[in-house]
Amino acid sequence: MLIVSTDYISGKNLEMLGIAKGSSIQTKNIGRDITQGLKTLVGGELNSYIDMMNQARTLATERMIEEAKQMKADAVVNVRYTSSSIMQGAAEVMVYGTAVRFI
C-alpha cells in the first residue's frame with residue numbers, strides 16, 4: 001500500500017473512497033515515568049517516550065492501512081498525524097488520510 005502526504009500521486013488517476021484512519025493510545029509504566037521525570041532536572045532526550053511515540057505511530061499507521069484495505073484502496077493520500085495527551089504519561093496518536101483506488 002502506498003502512503004503519501006501529498007494529495008496526488010504522479011501519473012495516477014485516483015478514485016477517492018473515503019477517509020481511512022487509525023489511532024493508538026500508549027502509556028509507560030510508573031517506573032519509567034518516574035525516571036523520565038527525573039531527566040527533566042538534567043535535560044536531554046526522553047528516550048523512553050520517544051520509543052513510546054514511535055510505537056504508537058507505527059500501530060496507528062498499521063490500523064489506518066487495514067481500514068484502507070477494507071475499502072479496497074491502492075493507496076492513502078494526504079496523510080496527516082496528530083497527537084494529544086490523554087493523561088500524564090499517556091498519549092494518543094491518530095493518523096488519517098484519503099483512501100484511493102487507481103483508475
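A residue is called buried here when its relative accessible area is under 20%, exposed when that area is over 50%, and partly exposed in between, with a 1.4 Å probe and protein chains only. By that criterion, 29% of the 103 residues of the protein count as buried. This is a predicted model, in which local features need pLDDT of at least 70 and side-chain atom pairs count only at pLDDT 80 or more, while totals for chains, interfaces and linings use all residues. Residues are numbered from 1 along each chain as its sequence is written, and side-chain values use heavy atoms, with hydrogens and water left out.

**Overall make-up**

- The protein contains 2 helices and 4 strands, where helices (H or I, at least four residues) and strands (E, at least two) are DSSP runs numbered from the N terminus.
- Read from the N terminus, the elements follow the order β-β-α-α-β-β.
- The exposed surface comes to about 6500 Å², of which carbon and sulfur atoms supply 53%; the areas come from the Shrake-Rupley method with a 1.4 Å probe.
- Of the contacts (heavy atoms within 4.5 Å) between residues at least 6 apart in sequence, 74% join residues at least 24 apart.

**The sheet**

- The 4 strands form an open sheet of mixed pairing in the order β1-β3-β4-β2, two strands being paired if DSSP finds at least two bridges between them.
- Strands β1 and β2 (14–27) stand at the edges with a single partner strand each, so one side of each has no neighbour in the sheet.
- Strand β1 (residues 2–3) pairs with strand β3 (residues 75–87) in the parallel sense over 2 bridges, and leucine 2 stands opposite alanine 75 in β3.
- Strands β3 and β4 (residues 90–102) pair in the antiparallel sense over 10 bridges, with arginine 80 opposite tyrosine 96 in β4.
- Strands β2 and β4 are also antiparallel, over 13 bridges, and isoleucine 25 stands opposite glutamate 92 in β4.

**Helix α2 and valine 95**

- Helix α2 (residues 47–70) lies across β1, β2, β3 and β4 and runs at about 145 degrees to β2, the axes being lines fitted to C-alpha atoms, for helices over the stretch in contact, and angles running from 0 to 180 degrees between N-to-C directions.
- Valine 95, placed in strand β4, counts as buried because its relative accessibility is 0%.
- Leaving aside residues up to four places away in sequence, valine 95 touches several residues, including Ala20, Ala60, Met64 and Val79.
- Although valine 95 and valine 79 are 16 residues apart along the chain, their C-alpha atoms are separated by 6.9 Å.
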